[in-house]
Amino acid sequence: MNILLCIFFVLISPILFVQACYVRKVTPKLPEAAGKRSGISGNGEPMNLLIIGDSAAAGVGVETQSQALLGQTVVLLTERVRLSWTLFAQSGYSTKDVLGAIKAIKKQDVDVVLISLGVNDVTRFMSVATWLKQQQALLHFCRTELSSRQVLFSLVPPMGDFPALPQPLAWFLGWRSQQFNQLLTHWLSEEADCQIINLGTLLDESQMAVDGFHPGEAIYHHWAKIAVEKIELNQ
């Protein structure tokens, strides 16, 4: 079966390459959400939140950070805590990119780290085993340099449902994202200070951004709500 699968991938690889190039060419390049990326909000017990990641973490798909993952998470959390919040994200970031860039973050105490990574690792054909090692290195950084109490890992979204992707590219990237998520979930099941954020197995096309590749405001709200529910479990 594995041999047949390898043969199949070899046969369709030229199609996947052409489709990937076409998608990059025709997909609208949306900007990161505008707005502040750090601040203090709310009243109550202090909490420090750091969001790390890629274009989705940076709010691509909506106009302002108030509509994005950061802003909606801050609103929900500040109903009960005094929140110090920071966003460290950039479009195009892979896990390797983040591992190189976060060295610029000064050593500090962060209660909760929320991570959004994986899509760019999938599209760059990163091996699953290498990606897991990078995730483990990122968790090590959170624990040792940030003294994190809890780390939330967002699963790679179901890329097979991205409207921007044609078949068979959509099927292939969807299959790859499932591989990443299975390994990540298995590993994190043994990490007591970590939680998985699963947005679900299907995406509503009407709730996605106009590029057919990034979340819209409703998905960001759903994402923030799940994240805050996970944080509350450990309060």
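Tutor: Helices (H or I, at least four residues) and strands (E, at least two) are DSSP runs, numbered from the N terminus. The model is predicted, so local features need pLDDT of at least 70 and side-chain atom pairs count only at pLDDT 80 or more, while totals for chains, interfaces and linings use all residues. Residues are numbered from 1 along each chain as its sequence is written, and side-chain values use heavy atoms, with hydrogens and water left out.

First, its setting. The protein has seven helices and six strands. Read from the N terminus, they come in the order α-β-β-α-β-α-β-α-α-β-α-β-α. The radius of gyration is 18 Å, taken over C-alpha atoms. The globule rule (2.2 Å times the number of residues to the power 0.38) gives a close value, 18 Å for 235 residues, so the protein is as compact as a globular protein of that length. Along the principal axes, the C-alpha atoms fill a box of roughly 60 × 35 × 30 Å. Of the 235 residues, 49% are buried.

Now to the helix. α5 has 18 residues. From first C-alpha to last it reaches 25 Å, close to the 26 Å expected at 1.5 Å a residue, a span that counts one less than the number of residues. Which of its residues are buried? They are Val128, Trp131, Leu132, Gln134, Gln135, Leu138, Leu139, Phe141 and Cys142. Read that list with one rule in mind. An α-helix has 3.6 residues a turn, so residues three or four places apart point the same way.

What do these buried residues pack against? Their neighbours are α3 (95-101), β4, α4 (119-123), β5, α6 (169-188) and β6. Contact here means heavy atoms within 4.5 Å.

Strands pair if DSSP finds at least two bridges between them.

Four bridges join β5 to β6, and the two run parallel. Ser154 stands opposite Ile197 in β6. In a regular strand, side chains alternate between the two faces of the sheet. Both faces of β6 are covered: Cys194 and Ile196 are buried on one side, Gln195 and Ile197 on the other. Elsewhere in the sheet, nine bridges join β2 (residues 45-53) to β3 (residues 81-89), again running parallel. There, Gly53 has Ala89 as its bridge partner.

Next, look at what flanks the helix. Phe125 lies in the loop between α4 and α5. Its phi is near 60 degrees, a positive value in a residue other than glycine. Phe125 counts as partly exposed, at 49% relative accessibility. Past the other end of the helix comes Ser147, in the loop between α5 and β5. Ser147 also has a positive phi, about 50 degrees, although it is not a glycine. At 40% relative accessibility, Ser147 is partly exposed.

Further on, α6 is one of the packing partners of α5. The loop between β5 and α6 holds Pro168. The peptide bond from Gln167 to Pro168 is cis, with omega near 5 degrees.

For another covered helix, see α2 (residues 69-77). Seven of its nine residues are buried, among them Leu69, Val74 and Leu77. The C-alpha atoms of Lys29 and Gly61 are 9.7 Å apart, though 32 residues separate the two along the chain.

Conventions. Buried means under 20% relative accessible area, exposed over 50%, partly exposed in between (1.4 Å probe, protein chains only).
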